[in-house]
Amino acid sequence: MQRIRLRYTKRGRLRFTSHRDFQRAFERALRRAEVPMAYSAGFTPHPKVSYANAAPTGTGSEAEYLEIALTDARDPEKLRILLDESLPTGLDIVDAVEARTSGLADRLTASVWELRLDGVDPADAARAVAAFNAADAVEVQRMTKNGVRTFDARAAVVELDRVDGAEAPSPEADRPTDQACAILRLVVRHVTPAVRPDDVLSGLRAVADLAPPVPAAVTRLAQGLFDEETGTVTDPLAPDREAAAALTTAAPTAAAKASEPVGPA
């Protein structure tokens with residue numbers, strides 16, 4: 001059984017698709033692309049697809065991940081192209097690698113988010129960010145299935161900064177308009193309970209009364225393992241690429257050794 005790991009996006013109006021909507025669209029794409037999927041056992045078999053830490057409905061993303069299991073081996077890049085062509089524009093498959101390591105979900109420990117606050121003066125946003133960063137704790141409330149829950153939104157935040165014009169965000173970031181606004185960059189750890197971008201926005205309102213006149217446009221720019229030394233979020237597919245490269249390098253060496261004469265000439 002071959003396992004392929006994919007990175008996909010949610011852009012434009014497709015940011016409003018729910019995770020269940022994406023699951024249905026992706027399973028249709030698998031059928032259209034005639035992917036030789038492995039299926040679960042039991043009375044109601046379903047394709048073996050593992051989704052990891054999906055973004056909330058209404059947020060864009062450049063870094064969503066999933067893993068599929070195949071009964072026959074396929075070239076990851078050719079498979080990526082076929083699946084991308086079978087999905088609507090906005091749900092784009094942008095990367096594919098063969099899984100050669102374990103624990104993809106364990107490598108998704110932090111996210112980088114862009115928060116676009118239309119109608120907010122950048123100076124006001126900078127003051128709110130400074131107040132949030134200076135706070136030891138920022139309590140916010142969120143409605144859950146068990147009722148209203150209060151938790152600290154500050155502890156999970158590794159970095160919160162305002163992005164200046166000279167530090168233009170990623171060109172892939174999902175930005176609905178070109179009007180002047182404040183843009184924030186957020187790096188947050190994946191903890192329990194999860195701290196989402198809207199929780200940080202609630203925290204900014206709590207500490208500095210920052211309330212955008214329109215809902216913020218939120219886009220996940222990256223997701224992966226948080227590097228404590230560099231303070232960056234690393235590519236979770238990099239270990240699989242490195243393992244594949246090591247095998248590719250080792251194969252010619254092993255073949256050369258096998259062809260060497262044994263014993264005296």
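Is R11 buried, partly exposed or exposed? At 26% relative accessibility, R11 counts as partly exposed. Buried means under 20% relative accessible area, exposed over 50%, and partly exposed in between (1.4 Å probe, protein chains only).

The views below show a predicted model, in which local features need pLDDT of at least 70, side-chain atom pairs count only at pLDDT 80 or more, and totals for chains, interfaces and linings use all residues. Residues are numbered from 1 along each chain as its sequence is written, and side-chain values use heavy atoms, with hydrogens and water left out.

**View A. E62 and R11 form a salt bridge.** The closest N and O atoms are 2.7 Å apart. E62 lies in strand β3 (residues 60-70) and R11 in the loop between β1 and α1 (19-32), so the pair ties together parts 51 residues apart in sequence. E62 is buried, at 5% relative accessibility. A salt bridge here is a side-chain nitrogen of Lys or Arg within 4 Å of a carboxyl oxygen of Asp or Glu. The count by this rule is 18 salt bridges. Helices (H or I, at least four residues) and strands (E, at least two) are DSSP runs, numbered from the N terminus.

**View B. R220 meets E64 in a salt bridge.** The N to O distance is 2.8 Å. R220 belongs to strand β10 (residues 217-224) and E64 to strand β3, so this pair joins parts 156 residues apart in sequence. R220 is buried, with a relative accessible area of 2%. E64 is buried too, at 1%.

**View C. R5 and D240 meet in a salt bridge.** Their side chains come to 2.9 Å, N to O. R5 sits in strand β1 (residues 2-10) and D240 in helix α5 (residues 238-259), so the pair ties together parts 235 residues apart in sequence. R5 is buried at 1% relative accessibility. D240 is also buried, at 1%. A network of salt bridges links R3, R5, E67, R107 and D240.

**View D. The largest pocket is lined by 16 residues.** N53, H190, A194, V195 and R196 lie nearest its centre. Strands β5 (110-118) and β9 (181-189) are the elements that give two or more residues to the lining. The pocket holds about 230 Å³ of space. A pocket is an open set of points on a 1 Å grid over the protein atoms alone, where a 1.4 Å probe fits, with protein on both sides within 12 Å along at least five of seven lines; lining residues have an atom within 4 Å of a point. Volume is the space filled by probe spheres set on the points.
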